[in-house]
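User: I would like a close look at the domain interface. Please also cover what lies behind it, with the cut-offs spelled out.

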Amino acid sequence: MAEPVMKLYIEATDNSSIETKESGLVWHHQDANPGFGSCQAKEMLEHLEIVLANEVVVVKRGQFIIEVKPQGVSKGIVTDKVFTSIANDERKADFVLCIGDDRLDEEMFEIIENAMSRIASPQCCSFCLHSWTKTK
């Protein structure tokens, strides 16, 4: 149901594209006219939220993207499962690296920050790198 809507916006927005992932669909507009692409993203977000209101999916806006994926699928959930497994096995991490480029990664950073006391060895190095600007 999301793909036909995204295809409408590809036709209307030069240099935009759809990426099919295992976990969902992503509409990219980083190469489109900045003002028009941002306007189209806002409109598409509202359009998808209405069309998909009764579906078990999440529609999110990131930096130059609109993403549609099933509820319960996120980097944060996967990160939590990995760190919980490490903690349950009483293992410790010597190094943790996390990189993100938009606000959709914030949940993952929070999970890592909260888990470090459970999974970090005394000599553990951890780095969380993020870079993004707010989208309206």
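Analyst: The centres of domain 1 and domain 2, taken over C-alpha atoms, are 29 Å apart. The contact (heavy atoms within 4.5 Å) takes 6 residues from domain 1 and 4 residues from domain 2. Domain 1 covers 1-70 and domain 2 covers 75-130; such bounds come from an automatic or database domain assignment.

A word on the basis. The model is predicted, so local features need pLDDT of at least 70 and side-chain atom pairs count only at pLDDT 80 or more, while totals for chains, interfaces and linings use all residues. Residues are numbered from 1 along each chain as its sequence is written, and side-chain values use heavy atoms, with hydrogens and water left out.

Now the interface itself. The size of an interface is often given as the accessible area lost when the parts come together. Here, domain 1 and domain 2 bury about 420 Å² between them; this is the area lost to a 1.4 Å probe on putting the two parts together, summed over both. Carbon and sulfur atoms carry 51% of it. On the domain 1 side, K60, R61 and Q63 lose the most area to domain 2. Together these three account for 66% of what that side buries.

What about charges across the interface? The rule finds 0 salt bridges there, a salt bridge being a side-chain nitrogen of Lys or Arg within 4 Å of a carboxyl oxygen of Asp or Glu. β3 gives the most, with 3 residues. Strands here are DSSP runs of E, at least two residues, and helices are runs of H or I, at least four, numbered from the N terminus.

Next, the cores. The largest nonpolar core has 14 residues. Such a core is a set of buried Ala, Val, Leu, Ile, Met, Phe, Trp, Tyr and Cys residues joined through side-chain atoms within 4.5 Å. M6, W27, M44, L48, V59, I66 and V68 have the most contacts inside it. α1 (2-12), β2 (24-28), α2 (34-51) and β4 (65-70) each supply at least two of its residues. Take I66: beyond neighbours within four places in sequence, its contacts include M6, W27, M44, V59, K60 and R61. A second, separate core has 12 residues, including A93, M108, I112 and I119.

Salt bridges do occur elsewhere, and the whole structure holds 5. E67 pairs with K69, the closest N and O atoms being 3.8 Å apart. E67 is buried at 10% relative accessibility, and K69 is buried at 11%. Buried means under 20% relative accessible area, exposed over 50%, partly exposed in between (1.4 Å probe, protein chains only).

D105 forms a salt bridge with K75 at 2.7 Å. D105 sits in the loop between β5 (93-100) and α4 (106-119) and K75 in helix α3 (residues 75-88), so the pair ties together parts 30 residues apart in sequence. D105 is buried at 2%, whereas K75 is partly exposed at 46%. R91 and D89 also meet in a salt bridge, 3.4 Å from N to O. R91 is partly exposed at 42%, and so is D89 at 48%.
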